[in-house]
Amino acid sequence: MPDFPWDSLAEHKARAQAHPDGIVDLSIGTPVDPTPAVAQDALRAHSGWPGYPVTIGLERTRQAAVDWLARRHGVSGLGLEHVIPSIGSKELVATLAHHLGVGPGDTVVFPELAYPTYEVGAVLAGATPVATDSLLSLGPTVPALLWLNSPSNPTGRVLPVDHLRKVVDWCRERGTVLVSDECYLECAWEAEPVSVLHPSVNGGSLDGILALHSLSKRSNLAGYRCAFVAGDPALVAELLAVRKNLGLIMPGPMQQAMAAALDDDAHADEQHAVYAARRASLRTALEGAGFRVDHSEASLYLWSTRLVDGVEQDCWNTVAWLADRGILVAPGSFYGRAGNRHVRVAFTATDDRIAAAVSRLS
């Protein structure tokens, strides 16, 4: 297993914590605002749950996911058989390859700059991990599984519909399972992300396609561990068979909270506006301090490089420069070698901490 990357930030975190006004931690991107009242009320109302919930999930929860995808993202043709709730999306990212029978001799492809758990999932399955954005670079290799991530973590890049469609067609021609991590689909600022489940991408067929969605960012439910996978019913059924045997069951009260949050758009729109304001002020401060922000049209991060006399600085030098000012960020190298000149700056801190970072950058 690779080392857990955030452990290597300890020295810089200690330096940032020594700032007279305390640390501004923009390294992880964990939500800090209140969980929505609708989710809290649902959790309280269903807190008495003495029996086991079913692995496939409550009909209400799955229907809420289907309705949300249709209402907010134009996804049609889904039914209850297309959805399984999960205990957060990270457990799906880490286990999905193994649970779909991917193993030694197989290849798992993921973006060149990517959330580290895609590689972890491939390693756990015994498969060969390959980080690339170019399908041509694979040559005759036929991956067993290919990951997409749009909007991207860490870059915030949004893939256009034409690109998504080409990847879907490429995977179908080769029998490769395509899984799209879409956890930031509603965190968009300068683009309109489209799900691979949308008919404009998949031609009205879900064959060979899965998509992962999470309420951690949209609804500040990271602590509730609410997510789901949706797509090809044959693949969903295969995952369900494995999950039944392993006892991977989302707690019943959390399923009710998840359904309530998915059914309510008002809190998500309010949170979106809060993040938009934080993003705007932090981006202005970074650019004023000599940073260039690349991509970042969606997600909860600003993918930034510090320029000195027009030269992009090494990401660890930038981490140290910011830590001296009490600001902790994630080095781009956490996400792949192509990130060595960037840092990922989250804007999920509270308003007062964002204001502190803006002041220090000024």
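**Notes on helix packing and ring pairs**

1. Helix 10 (residues 266-288) and helix 12 (residues 351-361) have axes that come within 9 Å and cross at roughly 15 degrees. Because angles under 35 degrees count as roughly parallel, helix 10 is roughly parallel to helix 12. The crossing of the two is left-handed. The model is a predicted one.

2. On the helix 10 side the contact involves Arg278, Ser281, Leu282, Ala285 and Leu286, which meet Asp351, Ile354, Ala357, Val358 and Leu361 of helix 12. By type, the residues of this contact divide into 7 nonpolar, 1 polar and 2 charged.

3. Over the whole structure, a search finds 10 aromatic pairs. One of them joins tyrosine 115 and tyrosine 118: the arrangement is edge-to-face, with 6.0 Å centre to centre and 80 degrees between the planes. Tyrosine 118 counts as buried, at 0% relative accessibility.

4. Tryptophan 316 and phenylalanine 334 also form a pair; their ring centres are 5.9 Å apart and their planes stand at 70 degrees, so the pair is edge-to-face. This pair links distant parts of the chain, 18 residues apart: tryptophan 316 lies in helix 11 (residues 315-323), and phenylalanine 334 in the loop between strand 13 (330-331) and strand 14 (343-346).

5. Trp316 and Phe334 belong to a cluster linked by ring pairs, together with Trp303 and Tyr335.

Terms used. Residues numbered from 1 in each chain as written. Predicted model: local features only at pLDDT ≥ 70, side-chain atom pairs only at ≥ 80, totals over all residues. Heavy atoms only, no water. Axes fitted to C-alpha atoms, helices over the stretch in contact; angles between N-to-C directions. Helix = DSSP H or I, 4+ residues; strand = E, 2+ residues; numbered from the N terminus. Parallel < 35°, antiparallel > 145°, perpendicular 65-115°, else oblique. Left-handed = near helix turned anticlockwise from the far one by under 90°. Contact = heavy atoms within 4.5 Å. Nonpolar A, V, L, I, M, F, W, Y, C, P; charged D, E, K, R; others polar. Phe/Tyr/Trp six-rings, centres within 6.5 Å; stacked < 30°, edge-to-face > 60°. Buried < 20%, exposed > 50% of the residue type's maximum accessible area, 1.4 Å probe, protein only.
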